[in-house]
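Please open the structure in a viewer and keep the selection panel at hand. The stops below are meant to be followed in order.

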Amino acid sequence: MTGILTALILLSSSGLICGALLAVASVFMSTEKDEREVAIRAALPGVNCGACGYGTCDGYAAALASDNTVKTNLCIPGADSVAEKLSQLTGAPFESVVERIAYVKCGGGCSQTVRKYQYEGCSTCAAANMLYGGIWECEWACQGFGDCVLACPEEAISIVDGMARINTRKCTGCGICVSVCPKGIIEMFDDSSRVIVTCSNHDKGAAARKKCKKSCIACRRCEKACPTDAIKVEDNLARINYELCTGCGECAKVCPTGCIEYSDFRGVHNINKM
Amino acid sequence: MIKTLTIIFVSSILVDNYVLTRFLGICPFLGVSRKLDQAVGMGVSVIFVMLCATAVTWPIQIFILDKLGLGYLQTLVFILVIAALVQFVEITLKKFLPSLHSALGVYLPLITTNCIVLGVAINNITDGYNFLESIVSSLGVGIGFLFAMVLFSGVRTRLENTGVPETFRGLPITLVAASIVSLSFYGFAGVIEGMLS
């Protein structure tokens with residue numbers, strides 16, 4: 001009888017002690033959750049894309065709540081409407097968000113690029129990329145298995161002719177596709193851009209041309225055609241300095257391979273302002 | 001003294017690896033080993049919790065349960081104490097070391113009463129270790145767990161990029177891979193005797 005009693009007493013008292021300890025701890029050690037932070041977090045879209053540079057929406061909310069110098073216009077998927085709410089909550093002056101879009105810097109596709117080998121493996125870009133640098137001769141080519149298509153929360157990407165094409169009209173600029181592309185050929189552009197070089201090949205002209213009909217062959221005709229010196233060929237690839245670019249489209253007209261695309265790339269946030 | 005501690009330490013990492021030879025803690029081993037950073041986070045948390053748990057349960061067993069002749073309540077009391085302890089540690093970390101809490105926070109509640117934590121606490125008693133030996137053995141088991149997690153996360157990354165037959169996809173192939181990794185760990189049997197003889 002006493003055995004059961006001591007067991008009962010021991011067990012219930014240890015339970016009581018543990019419970020009391022936790023109760024005391026939760027009172028004394030409680031951390032106050034900043035109400036402003038909660039409100040800010042609620043205003044953010046919650047995509048956790050990391051475009052703001054704080055990793056997650058929680059991280060950005062914490063930074064905004066604790067530091068007044070953090071800018072309110074860093075949330076790109078949220079765009080102006082979120083920036084407005086954030087500046088109301090933090091009391092910081094409203095600044096317009098520079099809307100951005102993602103674009104694939106490859107114009108290849110089945111009809112333009114040469115296949116390196118017949119691939120029968122797992123159909124993801126990441127897997128194909130691990131086998132001799134991908135299925136195309138050009139090692140900078142879009143693999144076209146659509147890792148980015150699966151990752152895109154807006155369904156803005158589709159595979160056309162064996163390569164990923166981004167419908168910028170649906171793009172919110174979260175940049176998730178940029179991080180999943182094993183080739184690293186998706187880049188973010190300001191959506192005010194009018195020209196984009198859709199090639200990432202750094203080979204010398206002749207070698208690049210052999211691999212793909214739509215590659216940049218570093219002929220420098222765009223350099224000569226540009227009235228503001230905004231486009232420069234560096235490391236056998238044309239690069240546009242968007243600070244100087246006026247969007248006149250002269251470079252796209254003279255490009256012999258057609259790898260410079262001249263278009264209206266406005267994303268989902270600015271599409272209604274047309 | 002040092003020799004005994006070394007034997008306990010090394011053997012609990014390699015020869016008696018709790019995950020791969022005793023099959024304890026399989027749940028986190030399969031659950032959070034998909035990515036390397038998560039595997040490391042989980043492993044470090046387990047080391048931490050095991051050390052705390054052993055430091056508390058060993059005195060309870062020796063000074064309370066054994067004295068009162070209530071050894072049969074071991075499992076019950078240990079679970080109760082470890083669960084409360086982990087909660088307490090979590091609250092304390094949140095208050096005083098927020099950076100450590102944000103690193104370990106997700107994993108702490110997951111391992112509250114994981115069988116590997118309870119297993120170490122109980123085995124330390126049944127193996128008749130003294131306090132220092134128990135601490136060293138839990139540290140070794142924890143490092144062994146981390147070791148197994150890191151190894152296995154590498155295996156899984158490779159697995160994800162292979163064409164697994166449809167019937168095996170997901171958990172089945174992971175279990176097959178785990179059994180092969182565990183087989184390879186039997187190669188360590190006898191290493192300790194050879195090393196210190």
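Predicted model: local features only at pLDDT ≥ 70, side-chain atom pairs only at ≥ 80, totals over all residues.

Residues are numbered from 1 along each chain as its sequence is written, while chains are lettered from A and ligands numbered from 1 in the order in which they are written.

**Chain B as a whole**

Select chain B and colour by secondary structure. The chain has 9 helices and 0 strands, in the pattern α-α-α-α-α-α-α-α-α along the sequence. Helices (H or I, at least four residues) and strands (E, at least two) are DSSP runs, numbered from the N terminus. Of the 197 residues in chain B, 32% are buried; a residue is buried if 20 or more other C-beta atoms, placed from the backbone, lie within 10 Å of its own, exposed if 12 or fewer, and partly exposed in between. Among contacts in chain B with a separation of 6 or more, 81% join residues 24 or more positions apart. Two residues are in contact if their C-beta atoms, placed from the backbone, lie within 7 Å.

**Helix 6 of chain B and its partners**

Next, select residues 36-68 (helix 3) and 115-126 (helix 6) of chain B. The axes of these helices come within 9 Å and cross at roughly 40 degrees. Axes are lines fitted to C-alpha atoms, for helices over the stretch in contact, and angles run from 0 to 180 degrees between N-to-C directions. Helix 3 of chain B and helix 6 of chain B are therefore oblique to each other: angles under 35 degrees count as roughly parallel, over 145 as roughly antiparallel, 65 to 115 as roughly perpendicular and the rest as oblique. On the helix 3 side, the contact includes B:Val46, B:Met50 and B:Trp58, and on the helix 6 side B:Ile116, B:Val120 and B:Asn124. The contact residues comprise 10 nonpolar, 4 polar and no charged; Ala, Val, Leu, Ile, Met, Phe, Trp, Tyr, Cys and Pro count as nonpolar, Asp, Glu, Lys and Arg as charged, and the others, Gly among them, as polar.

**B:Pro28**

Select B:Pro28, in helix 2 (residues 26-31) of chain B. B:Pro28 counts as buried because it has 23 C-beta neighbours inside 10 Å. Leaving aside residues up to four places away in sequence, B:Pro28 touches B:Met42, B:Leu110, B:Ile111 and B:Asn114. The C-alpha atoms of B:Pro28 and B:Met149 are separated by 8.8 Å, although these residues are 121 residues apart along the chain.

**Strand 1 of chain A**

Move to residues 100-104 of chain A, which form strand 1; 5 of the 5 residues are buried, so the strand is largely enclosed by the rest of the structure. A:Arg100, A:Ala102 and A:Val104 lie on one side, and A:Ile101 and A:Tyr103 on the other.

**Between the chains**

Finally, show both chains. The contact takes 18 residues from chain A and 17 residues from chain B. Helix 1 of chain A gives the largest share of the chain A side, 11 residues.
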